[in-house]
Amino acid sequence: MKPPLSSSSSAVLRKARLSPYLFTLLAFIVFVSILYGEDFMCILGQLEPIPGRPMSKPGELTQLSQTSQALFFIFMLFGFDLGIGVVGVSEKKREVGIRYREGRRRIGRWVRDELTRPLYEESECPYIQPQLTCQEHGRPDKDYQKWRWQPHGCDLPSFNATLMLETLRGKRMMFVGDSLNRGQFVSMICLLHKLIPDDQKSMKTHKNGSLTVFKARDYNTSIEFYWAPFLLESNSDNAIVHRISDRIVRKGSINKHGKNWKGVDILVFNTYLWWMTGLEMKVLKGSFEDENKEIIKVSTEEAYGMGMRSMLRWARKNMDRKKTRVFFTSMSPTHAKGIDWGGEPSENCYNQTTMIEDSNYWGSDSRKSVMKVIGEVFSKSKYPITFLNITQLSNYRKDAHTSIYKKQWNPLTPEQLANPSSYADCIHWCLPGLQDTWNELLFAKLFYP
């Protein structure tokens with residue numbers, strides 16, 4: 001017969017058994033071990049393919065990652081603040097799960113995926129603008145929809161719409177920038193909207209078209225897009241009529257738009273293409289209302305740096321780093337010069353159905369000097385902004401542009417009809433398509449910081 005436990009021993013066990021602090025500590029240890037075990041291995045450089053170890057199927061999370069998301073979801077619902085929350089996590093310089101290393105040109109590859117791509121059908125998402133509905137406007141192939149980005153060394157987590165919507169419950173998410181950021185905004189809505197009943201969702205425009213708001217009432221959440229192609233005030237701020245060749249930005253004017261971003265929980269900025277007017281940019285000192293305007297010319301790099309510093313100052317003053325997240329999407333490449341990828345000088349993205357195979361490809365439209373400005377400005381920032389590096393993975397995708405398969409706002413001339421490449425849009429991207437991958441990367445940065 002076993003000797004009875006002493007009263008002191010049983011009290012200790014009873015106290016340990018009943019202690020909520022001990023339970024929380026143990027649960028936390030288990031949670032972190034499951035969620036980050038593979039990532040820690042990845043950091044240590046030990047997560048390499050092992051002979052005989054099966055790889056995960058295309059587009060599918062490993063069992064470990066599925067468990068991680070489930071546990072994370074449970075902890076979030078019960079209000080555990082683990083310091084690794086979706087909103088309020090501070091950005092680390094190392095990248096976990098998706099390893100981008102400075103100086104390494106090849107960061108991953110595109111893998112054909114017939115099983116899980118596209119992530120939705122064009123006809124199933126009524127929110128796509130006619131400028132991006134390539135199938136509706138006669139594109140004969142769908143191959144551009146069937147590619148999945150595979151980073152080297154690790155898997156990109158599958159987009160989990162349920163987890164994303166639960167995270168956004170009671171919050172606002174806003175994309176701020178130009179039409180490329182609007183494309184990413186629409187892609188996000190297309191990835192989420194099927195989970196929301198028709199009578200519980202809406203899309204409306206405000207502020208003369210500058211603000212578009214998608215609302216999911218059941219979740220008390222909104223996903224928004226705000227038109228500000230320079231982030232600063234400019235003469236191109238009209239969301240409808242903004243095709244101005246002589247572009248001017250106003251120095252120190254970010255609050256003109258920034259007042260509309262206050263109260264947002266997740267901000268996604270982009271600005272690049274509109275600055276590329278040449279080697280110089282016109283900058284206004286004073287106000288657009290002044291009768292005698294003082295306008296100076298500075299280098300594009302100097303003007304762009306001014307815009308980046310203004311954005312960072314605004315974020316530091318207006319965003320609570322403990323409760324919010326701010327992202328910046330890198331430049332979206334164009335494919336207007338076939339000679340860049342070994343094609344004919346007269347070629348562009350028109351009729352391109354295959355991607356660029358050269359892993360070292362870097363198009364001539366990608367201003368490295370401007371990209372360097374981003375690096376310099378961000379490296380000095382005291383506010384943690386997460387950088388979404390979509391440039392190189394997009395550089396390979398000359399096949400994914402809208403080209404001629406979009407709504408044409410003006411009648412085409414006989415000359416244009418005779419030469420389709422003359423009016424091909426090699427800036428914007430078909431949906432579904434490449435920009436869904438941008439949002440997969442955004443999702444990964446939110447949940448695997």
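**Charges on the surface and in the interior**

Author: In this predicted model, helix 7 (residues 300-318) gives the most to the positive patch, with four residues. The patch lies on the surface and gathers Lys251, Lys285, Arg309, Arg313, Arg316, Lys317, Lys380 and Lys382.

Reader: Where does Lys251 lie?

Author: Lys251 belongs to the loop between strand 7 (248-250) and helix 6 (255-258). Lys251 counts as partly exposed because its relative accessibility is 49%, and partly exposed covers the range between under 20% (buried) and over 50% (exposed).

Reader: How should I read a salt bridge, and how many does the structure hold?

Author: Side chains of opposite charge can pair when their charged atoms come close. The structure holds 15 salt bridges. One of them joins the side chains of Asp113 and Arg148, at 3.3 Å from N to O. Asp113 sits in the loop between strand 1 (108-112) and strand 2 (147-151), and Arg148 in strand 2, so the pair ties together parts that are 35 residues apart in sequence.

Reader: Are Asp113 and Arg148 buried or exposed?

Author: Both Asp113 and Arg148 are buried. Another salt bridge connects Arg397 and Asp399, whose closest N and O atoms are 2.9 Å apart. Arg397 is buried because its relative accessible area is 1%, and Asp399 is buried with 2%.

Reader: Which residues are linked in a network of salt bridges?

Author: Such a network links Arg112, Glu114, Asp143 and Lys146.

Notes: Residues numbered from 1 in each chain as written. Predicted model: local features only at pLDDT ≥ 70, side-chain atom pairs only at ≥ 80, totals over all residues. Heavy atoms only, no water. Patch = residues over 30% accessible without salt bridge, like charges linked within 9 Å, V, L, I, M, F, W, Y side chains within 5 Å. Areas by Shrake-Rupley, 256 points an atom, 1.4 Å probe, with all protein chains shown as cover. Salt bridge = Lys/Arg side-chain N within 4 Å of Asp/Glu carboxyl O. Lys, Arg positive; Asp, Glu negative; His and termini not counted. Charge placed at Lys NZ, Arg CZ, Asp CG, Glu CD. Helix = DSSP H or I, 4+ residues; strand = E, 2+ residues; numbered from the N terminus. Buried < 20%, exposed > 50% of the residue type's maximum accessible area, 1.4 Å probe, protein only.
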